[in-house]
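Here is a friendly briefing to read alongside the model. Please keep the viewer open as you go through the points.

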Amino acid sequence: MIRSVLKVSSGTLASRLLGFARDALTAALLGAGPVADAFLMAFQLINVIRRMLGEGALNAALVPAWMRLRDGSGLAAASAFAGNVLATVSAMLIALAVIAGVAMPLLMRVLAPGFVGSESLQLVVTDARLMLPYLAFAGPATVIMSLLNARHRFAITAFSPLLFNVALILVAVLLLSLHQDSHFAAVVMATTVGAAGLLQLAVLALLTRRDDLASPLRISLDPGMRDFARKAVPGMIANSGPQLLILAGAIVASTSPSAVSWLYFANRLIELPLGMIGVAISTVLVPEMTQALNKGDRAAMVNAESRGIELAGALALPAAVGLIVLSEPIVRVLFEHGAFTAADTSATALALGCLGFGLPAYVLIKALSPAFFARGNTMTPLMATLKGVAVAMVLAFVFGRLFGVAGIAVAVALGAWSNAVSLVRSIAGTFGFSIDAEARRRLPRIGLAALVMGGVLWFAGRLLYPMSSVHGLLQAATLVVLIAAGVVIYGLLLLTFRVIDRNDIQAALMRSRSGDLRA
């Protein structure tokens, strides 16, 4: 399971790093004013739908259904079902894109009430319409990736999203080199979003053209498809909780100048560990737990859940602490270029520090949801997600008035914790929340190690950053040193607290090496 998680997280890491490059270029192109607010609000809408389909969301609904058909009726029946899903999802998303394009002015009045009466409203409508063709390509691409995941072929699905960011980066570099104004740059970048979706689908189709993953292609609303849709739609919404929460925050933030941009860039930093850890764990746990459930292997279910939660805690807690402690230098090094000012850095760093408290909750949600998805239960995670979004919206209105963008970020983090707590309670009340003794022993020690690491980083940062504040390259080098030191310190603490054992690591590496040789 760890090897599979590493495959997915490696691809996600590469995609997120390219995403940072894309966002840094976007910040330099657009800054944090009305043009940037409009572009990023439109991009968040498309991104919610993109994440609703991808990053484990459609995967959570399609993989269990496909595996049950394959095990019960054979590979041909599973392939025919996949063909129905691929054709039907593609047709529905094309129709959705057309309807959304017509209704976009009304939709943006609801999603961005603060833009009404300003130039940002027309800008956001134009940008969103230009991005909508992406939906027609995202649907079939995500179905193909889910089918590859069902066959435990995680590498292609992990690395194919890189193409989306590569296309946007190339266009942004070109626009910067030509010194184009922000209005023109936003229009070109919005148009590129749709083209990037086409590029990703074309490469996936080329790589899998001989695999016969889904055939024949047929639009269908038969009972099997209707049953799949009843489970898939709630599951896709439930698995998009982090994106829905940040969209809820953006709706409130649209009433304040530049707040949408600050919140967006802060959330982008949260999405790096979330994608590497939460999405990777969720993607791998769904087929693992479905297989254990189909075999009636309770011990395998508990083991998968325990190891998933351990991995989530061991990776998410230090990431959250690091982002909180180093929020300002991280934002300064990554984004303070071109039109992105020092004042934007301070506001974005404050939002990042507040959002960081919600990162462990986001990852916990990703680790807990597969227990429901494997059982075909998508309504319980949906209700937990909707409750979290409601909590975030209510608190954002209150805290946003009192504390500005920091208050909105706190509300989003609390909404994530509400979602996570609801899932824990639902598991305990239905099929029983159980992690094994080893997980109960390790998790408190993981939390202590993360806190100690954070204290060391905070103290070291206070010593080093005044000396590096005069030069950008020195700031970046200092940040790299601090992050590397944090990783080493955390690893040593895990060894000291006996969370991990040297002998176990050596044995795992030898097993992995021998497995690679046999392959």
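Is Ile500 buried, exposed or partly exposed? Ile500 counts as partly exposed, at 33% relative accessibility; buried means under 20% relative accessible area, exposed over 50%, and partly exposed in between (1.4 Å probe, protein chains only). This is a predicted model, in which local features need pLDDT of at least 70 and side-chain atom pairs count only at pLDDT 80 or more, while totals for chains, interfaces and linings use all residues. Residues are numbered from 1 along each chain as its sequence is written, and side-chain values use heavy atoms, with hydrogens and water left out.

**Overall picture**
- The chain has 21 helices and 0 strands; both are DSSP runs numbered from the N terminus, helices being H or I with at least four residues and strands E with at least two.
- Of the 519 residues in the chain, 55% are buried.
- Among contacts (heavy atoms within 4.5 Å) between residues at least 6 apart in sequence, 84% join residues at least 24 apart.
- The accessible surface is about 21100 Å², and 70% of that belongs to carbon and sulfur atoms; areas come from the Shrake-Rupley method with a 1.4 Å probe, and for residues only the protein chains shown count as cover.

**Confidence**
- The mean pLDDT (the predictor's confidence in each residue, from 0 to 100) of the chain is 83, with 89% of residues reaching 70 or more.
- Helix 15 (residues 342-356) has the highest confidence, at a mean of 93, and helix 21 the lowest, at 57.
- Over residues 515-519, pLDDT stays under 50, and the model has 0 contacts beyond four places in sequence for them.
- Where pLDDT is low, the predicted coordinates should not be read in detail.

- Ser306 is in helix 13 (residues 298-325) and counts as buried because its relative accessibility is 0%.
- Beyond its neighbours within four places in sequence, Ser306 is in contact with Ser434, Ile435, Asp436 and Ala439.
- Glu310 and Arg442 form a salt bridge, at 2.8 Å from N to O; the term means a side-chain nitrogen of Lys or Arg within 4 Å of a carboxyl oxygen of Asp or Glu.
- Glu310 lies in helix 13 and Arg442 in helix 19 (residues 437-468), so this pair ties together parts that are 132 residues apart in sequence.
- Glu310 is buried, at 8% relative accessibility.
- A network of salt bridges links Arg307, Glu310, Asp436, Glu438, Arg441 and Arg442.
- Ile500, in the loop between helix 20 (472-496) and helix 21 (502-518), has its C-alpha 8.7 Å from that of Arg442, 58 residues away along the chain.

**Other salt bridges**
- The count of salt bridges comes to 9.
- Asp23 pairs with Arg22, their closest N and O atoms being 3.2 Å apart; Asp23 is buried at 1% relative accessibility, and Arg22 is buried at 3%.
- Arg332 and Glu328 meet at 2.8 Å, N to O; they are 4 residues apart in helix 14 (residues 327-335), so about one helical turn separates them.
- Glu328 is partly exposed, at 34% relative accessibility.

**Helix 5**
- Helix 5 (residues 119-131) has 13 residues and reaches 19 Å from its first C-alpha to its last, close to the expected 18 Å, which is 1.5 Å times one less than its number of residues.
- Its buried residues include Ser120, Leu121, Val124 and Ala128.
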